[in-house]
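Look over the chains before reading on.

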Amino acid sequence: MIPAPFDYVRPATVGEALQAIADGGEDVKVLAGGQSLIPVMRLRLAAPETVVDLGRVAELRGVREEGDSLVVGAMTTHADVLTDPLLARYGRLVVQATETVADRQVRRRGTFGGALVHADPAGDLPAVALALDAEFVLVGPGGRRTVPATEFFVDYLTTALEEGELLVEVRLPKLGEDWGVRYEKFNRVAQAWSIVAVAAAVRREGGRIAEARIGLTNMGSTPLRARATEAALVGVDVSMETVTAAAAQAAEGTSPSSDLNARADYRQHLAQVLTRRAVAAAVGL
Amino acid sequence: MTAVEDRPGIESPAPAREVGQARRRKEDARLITGRTTWTDNLVLPGMLHLAVVRSPVAHAKISAIDVSAAQQAPGVIAVFTGRDFADEQGSIPCAWPVTPDMVNPGHPSLAVDEVNHVGEAVAVIVARSKAAAADAVELVDVDYDSLPVVLDMEEALGDQPVLTHDHLQSNESFHFVFDGGENGVADDTDRAFADAEVVVSRRFVQQRLIPAFMEPRAVAVQPQGDNYTMWSSTQVPHILRLMLAMVTGVPEHKLRVIAPDVGGGFGGKLQVTPEEVIALLVARRLGKPVKWAESRSESLMSAHHGRDQVQYIDIAADREGNVKGLRCRILADMGAYLRLVSPGVPILGAFMFNGIYKFPAYRFECRGVFTNKTPTDAYRGAGRPEATFAVERIMDELAVELDVDPLELRRKNWIKAEEFPFTTCAGMTYDSGDYDAATEQALQLIGYDELRAEQRRRRESNDPVQLGIGFSTFTEMCGLAPSRVLGSLSYGAGGWEHASIRMLPTGKVEVVTGSSAHGQGHETAWSQLVADRLGVPFEDVEVLHGDTSIAPRGLDTYGSRSLVVGGVAVVNAADKVVAKARTVAAHMLEANEDDLEFAGGKFSVRGTPGSEVGIQEIALATFAAHDFPEGVEPSIDADATYDPENFSFPHGTHICAMEVDTETGFVKIRKYACVDDVGTIVNPLIVEGQVHGGLAQGIAQALYEEAVYDADGNLTTGTFVDYLVPSAADLPHFDTGNTVHAAPGNPIGAKGVGEAGCIASTPAVVNAALDAVRHLGVRDIRMPLTPERVWRALHDGGDGGGRATAGSNAYGGAQTETTAGVSTPQSALGGDR
């Protein structure tokens, strides 16, 4: 299909981009990698009057170190993520999840920030960002502000971004060698969205679990944390029994949807199984 | 170079035989890069673009259509509705009335008074650009008075059903019966079942599939005076030309149809589509060239679908495992209309449900059912995958009932190598083969004993991942088809194929074939055949096809018929060229024709070394015709039409090893091995490719693909996000092998390979999954085996049930009998015949 007619703006700086968004008024859409926006425009499910393409805004692309944080530019592509040395060292959960995103062509164009702002609960990166307590740096007409992941994902395809604002970068904590990670994705064919997925990062101290962060993909209208499981894991000895017992609480408080691939009860069952597998893999069981 | 080496002939080695060589396909570079003549690449001077307005409702009266806003939109030239073409659009033809009283509701290309499925065309926009046409689609305002919908076949045949077409008396199109006993080729089925020690009955569901060819459909029409040239992404340019002439009244000799390079079809382009008719009517009305090219969503929704059967299968046997009878009652979903061969697809299965087994008694019944869904028609295998699935699944069920090894049960009942030719309970004469040999090779390929040992270990340790091994054997009636057989089945055409060979002055060869390639590699295979037959280099052969002006006679490509029928026509034409060239050679060599030998492209005089002339030299001499034998026409070109005596019957044994994760329901093919006997192999690389692609499609039916409608008749699997077509990443390595039993009576010895993988793989995969979990109480899982269905079958029992938004596709309820009506005036073709 052919999209409905629209105006197209291609700024070169964040400042120009903000101006273009302001000029575009209410019916403006920001184009990052275009891997979600272009298909819905082609299907005419979206018909923005203005599209602001960030593809030339070089300052939004790349990964850098700032103290205990990694800062990932919003326009860093999935392919960039997969080859970045800093992420390879400190952001292995992000890398693992990114490896499972769609297919090679999509990863070449799709962006880290675009996937997060799209806020599809079936997307892989929102649950990872939530599990890692990422911070979202937004700029807008009113200046710059930082929003924690727990507040960023508001609802299905909805974030805390205000009108006229732009996500410029995401701050992630560096996870050192004492952290084990695993992104456990469940889908029917390789390029499909997750039916359910679990992002787990677990820190060990000796034979015990010191800290666990578990994000759930596609278990509700936003990414979720498996808080009950996280709490149950803290301080326990590393064993299949303790992990299994904790994972049994993974679906607590979730209200997943029913669709062609899974009804809600099956999703809740999967969340438990996948959480057990993710945590077990993260702690090396 | 020495003088000796320079001298042509005597000492030079014979050129290697082309047939049997794994030649890389000469057409692939342009097909893969897309730098070729896809219909949608075509730009005609002054060309207008069409966009089709489609019904968003499954069943409704059209009370009004307001096109004024669309007509005034920028770039729009015209907007037409069904009413504008009501007098000239006739009905989409159905060429296969399977019973004398088959009901055909009639199928206008553009809906006039009512719509009967979502996606049905209701208006067409003509605009200066594709974008302008697409923009105007939303401006057409159609008032629909909604009617209730019927989507489920068993409901459609129940008491007081909603009618798909309210001008008909019922939702039944036809009731076809084939009874082996009544036809004198088998015993009485009722008696066989009454006397049987064991009867197993099952209900299987063949879900609805979408052909999903790579190139979406497209058509362009160029009017020139009262002539029309149509380019279409079709498998069947010859059939299309004939049918368009019959439907629209454009005389056949004023219509040229070209199928340029076509990106796949799988039966999905074996059709006369509403859009082809509409494009021709618009071009005629406006006198301007037009083009229509569909989007993927449009294609999934409105191009014909495949499969969609409910199968009630009964098998009778004695306690020792000797099968005694087979009874099949089939409901086949036609969708809302009958298209080109919709009713014939399930009927092809009538002769195949018995598979490779020696059933003494056999009865097949099929009822064609209308529902408010997209029409069904041919899809790779067309009726034979459905049949093979049923018999291979019921053989496993019988093995479970008798507590015998499923392979042993099959062995006991299949036709033995020494019994060929064998006439089956369905009246087919199977030509050749050796099922034991193929099976033995397949068992070796997959490492059967080791897998069984692992399966035991996993069961004993109660491993969360269980292993299963599934078998399927198959045969199919291939090479459609002997014309007299098609005639006896009321098919609207013959099954011959035509070829001609033109010898050019430079010695190059043009081969014209009536087969219509759409990705199969005809250009390569035909070149190999001709290179051997004429003794010319492979590179010197060009294959022309898919244009009714270049290849005036042909019956096109479907049903694994191209090599088996069309290839033989090519070979026969080549033999005629050689025969004509022999006369010229005798004249040139001043010898008697009877003293000439022909080998390696050269005629030589027996016993006279050095006296020889090549066929390519003869071509030049014929062109000049300066010195030609008296009374002989100066041409060595020839053509041939071949009509086979019998079908060919390729066969094979497929074995699948499947891992089932009992915690999640996820199934994963561990290993897959198959050994197919497709007769003589012309090009092993092409055969391997056909097998791989077929396996992918057959496995996709088992595990991934399903067209799902919601309760209102909307296709919920309307994009590739929901209609899951697997990629290489989702499929295992395939271990393939061949046994070769040349097809008797076929000059090439080929049996056909296009559908083999697709037919055999589906039941092997499902049988494997069931074998993995049967000890856990699972008896059946409905296709596709989604993880959720497998998990529910394991945890809740049953077959895994319907899918969350698939309420209407759940096929619940019981079957009841209704009677057939009669053909209707609306089903008449419209044109001047």
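Is Asp403(B) buried or exposed? Asp403(B) is exposed, because 7 other C-beta atoms lie within 10 Å. A residue counts as buried with 20 or more other C-beta atoms within 10 Å of its own, as exposed with 12 or fewer, and as partly exposed in between, with C-beta atoms placed from the backbone.

This is a predicted model, in which local features need pLDDT of at least 70, side-chain atom pairs count only at pLDDT 80 or more, and totals for chains, interfaces and linings use all residues. Residues are numbered from 1 along each chain as its sequence is written, while chains are lettered from A and ligands numbered from 1 in the order in which they are written.

**Backbone in the loops**

Asp403(B) sits in the loop between H12 and H13 of chain B. Helices (H or I, at least four residues) and strands (E, at least two) are DSSP runs, numbered from the N terminus. Phi of Asp403(B) is positive, about 55 degrees, although the residue is not a glycine. Ala212(B) also has a positive phi, near 55 degrees. Ala212(B) belongs to the loop between S8 and S9 of chain B. Ala212(B) is buried, with 22 other C-beta atoms within 10 Å.

Met214(B) is placed in the loop between strand S8 (198-209) and strand S9 (218-224) of chain B. Met214(B) counts as partly exposed, with 13 C-beta neighbours inside 10 Å. Beyond neighbours within four places in sequence, Met214(B) is in contact (C-beta atoms, placed from the backbone, within 7 Å) with Gly263(B) and Gly264(B).

| Peptide bond | Omega | Loop of the second residue |
|---|---|---|
| Phe420(B) to Pro421(B), cis | about -10 degrees | Pro421(B): between H13 and strand S16 (422-423) of chain B |
| Leu480(B) to Ala481(B), cis | near -10 degrees | Ala481(B): between strand S18 (465-475) and helix H16 (483-488) of chain B |

**Helix packing in chain B**

Helix H12 (residues 384-402) of chain B packs with helix H21 (residues 756-773) of chain B at about 30 degrees, their axes 8 Å apart. Axes are lines fitted to C-alpha atoms, for helices over the stretch in contact, and angles run from 0 to 180 degrees between N-to-C directions. H12(B) and H21(B) are therefore roughly parallel. Angles under 35 degrees count as roughly parallel, over 145 as roughly antiparallel, 65 to 115 as roughly perpendicular, and the rest as oblique. Residues of this contact include Phe389(B) of H12(B) and Val766(B) of H21(B). The contact holds 7 nonpolar, 3 polar and 4 charged residues.

H12(B) also meets helix H13 (residues 406-413) of chain B, with axes within 9 Å and a crossing of roughly 110 degrees. That makes H12(B) roughly perpendicular to H13(B). Among the contact residues are Leu398(B) of H12(B) and Leu409(B) of H13(B).

**Core and chain contact**

The largest nonpolar core has 343 residues, and Ile125(B) and Ala769(B) have the most contacts inside it. Such a core is a set of buried Ala, Val, Leu, Ile, Met, Phe, Trp, Tyr and Cys residues joined through C-beta atoms within 7 Å. Helix H18 (residues 562-589) of chain B supplies the largest share, 14 residues.

The contact between the chains takes 19 residues from chain A and 24 residues from chain B. Helix H12 (residues 264-282) of chain A gives the most to the side of chain A that touches chain B, with 3 residues.

Terms used
Two residues are in contact if their C-beta atoms, placed from the backbone, lie within 7 Å. Ala, Val, Leu, Ile, Met, Phe, Trp, Tyr, Cys and Pro count as nonpolar, Asp, Glu, Lys and Arg as charged, and the others, Gly among them, as polar.
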